[in-house]
Structure formats: C-alpha cells, structure tokens
Amino acid sequence: MGVCSAAVLRTTGSGKTRVLREAEMMRGHAEALMPMVEAVLAEASLQPRDLDRIAATQGPGSFTGVRIAIAAARGLALTCGAALYGTDSLTVMARRALREGLAPDRPFAVAVDARRGMIYLGLYGTDGSRLDGPMLCTPPDAVDRLPKDLVLAAGSGAGLLAEAAVASGRPLDSTLPSLQPGAMALAELAAESADRTALLRPLYLRPPDAKPQNTALERRP
C-alpha cells in the first residue's frame, strides 16, 4: 500500500467533526505518521487523553508500514488509555470505495496487486461488510473463489483479476485502480464497531522478502 494517513472522527451532540491528513508514499511512514497524528489532533482541538478509541489497519501491506501503524496505535493507547480497534486493509479499502461513490448492486471484490503473480483478495457485500478474505492467491485461483453474481472488482489488482476472469469465460469489470486504504474510512469502521481489540496483531499473509543470512565464522587455530 502506498499511502500514509491519520484522521480524527469526533461525534458530539451538534454533529461530527472530521479531520484528515494523507500523503502517498512508499517509504518514510515512520517519519510521517506521528506528525500527521499531531496535526489532526491539533486541528480538532483535542489532546491524546481525549481519545476513546484508536484504530489501525493490520495488513496486508508492506511489512514496515503495518508494523509502524500498529506500534503507533499501541503506543498512543497505552499513553491515553483508549480502546484499540483493528481491521484488515482491504476492508478499509472497501469502505473507502463506497465513500468515494462506488454503488454496487451486488457483491464486489477488492483486489490488490501483491506482486510475483499474486493478489490480495477480499469479497464484500453491497454495504461493505466482509464476506470472505483477505487472502493471498493467484488471479486464476481468485476467480474460482468469486460468487457467481460478482461482476465488479476495485483496487490495483482488479485489472489482473478481470483478465483472469475473462480468460475463464466470465465477465468482470475493474474500477478504482488507485484505491488505497484511508484513515477516515478506518475511523468510521471503528466508530461503528462494538469490538474492543485487546492487542492489534499484524496480518501479513506472506513471508518477508528479506531473510536473515546464514553466516559461518571460521575460528583460527
């Protein structure tokens, strides 16, 4: 995922206050996230102690980005005593797609290009509720998992999924290729959920690309 964002969703008797900071980036999340958090809190006239829930995406995504988001959420929650909430990044993307105007009349898929011929796949109802996933699979395997009435996919891997679907003889449209998770969509999901997550856990779905090197040391006589 190539985005870093922070948001405040504040509900009062007079309505809701929404504050968002977001930037597209592939690196630099560690340096960017906390200044974003401080900025949205300041704009909303809040202190960390005013928060009653802190949310973070749990993955899948870049290993570094997932770790940074979870560590920041845990640290803030420990400081201010707020409850934690976490969900997968594809569910957040599904909510964001609906916020940005996607109006499916039947279930839809969120597909993210996971590289190496694989995609992350999640299946969602018309209201964004998760039906299945997230999962890591090849586009042809993903097609086999799609409900028969599903004809729309969103996300950076939607084109790959659509190509595999057409090759198998079924129609599938792709949309929103630049779709990313977003902190405001995550905040809405957190506000609507009764779940109180005691400990956020990363959801990677695949092993890291970087692996420890086996080093042999020769001892001199």
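Predicted model: local features only at pLDDT ≥ 70, side-chain atom pairs only at ≥ 80, totals over all residues.
View 1. Arg99 is partly exposed, with a relative accessible area of 41%, whereas Glu188 is buried, with a relative accessible area of 10%. Side chains of opposite charge can pair when their charged atoms come close.

**View 2. Arg95 and Glu188 meet in a salt bridge.** The side chains of these two residues come together with an N to O distance of 3.1 Å. Arg95 belongs to helix α3 (residues 89-99) and Glu188 to helix α6, so this pair ties together parts that are 93 residues apart in sequence. Both Arg95 and Glu188 are buried.

**View 3. Arg18 and Glu188 form a salt bridge between a strand and a helix.** Here the closest N and O atoms are 2.7 Å apart. Arg18 sits in strand β2 (residues 15-24) and Glu188 in helix α6 (residues 183-192), so that the pair links distant parts of the chain, 170 residues apart. Arg18 counts as partly exposed, at 42% relative accessibility.

**View 4. Five residues are linked in a network of salt bridges.** The members of this network are Arg18, Arg95, Arg99, Glu188 and Glu192. The structure as a whole holds 10 salt bridges.

**View 5. Phe108 and Tyr124 form an aromatic pair.** The count for the structure comes to two aromatic pairs, and one of them is formed by Phe108 and Tyr124, with 6.0 Å from centre to centre and 35° between the planes, an arrangement that is tilted. Phe108 lies in strand β5 (residues 108-115) and Tyr124 in strand β6 (residues 118-124), and the pair links parts of the chain that are 16 residues apart. Both Phe108 and Tyr124 are buried.

**View 6. Residues 26-132 carry a domain feature taken from UniProt.** The record, an unreviewed entry, places the feature "domain: Gcp-like" at these residues.

Note on methods
Residues numbered from 1 in each chain as written. Heavy atoms only, no water. Salt bridge = Lys/Arg side-chain N within 4 Å of Asp/Glu carboxyl O. Helix = DSSP H or I, 4+ residues; strand = E, 2+ residues; numbered from the N terminus. Buried < 20%, exposed > 50% of the residue type's maximum accessible area, 1.4 Å probe, protein only. UniProt positions renumbered as here; feature names shortened; annotations may be inferred. Phe/Tyr/Trp six-rings, centres within 6.5 Å; stacked < 30°, edge-to-face > 60°.
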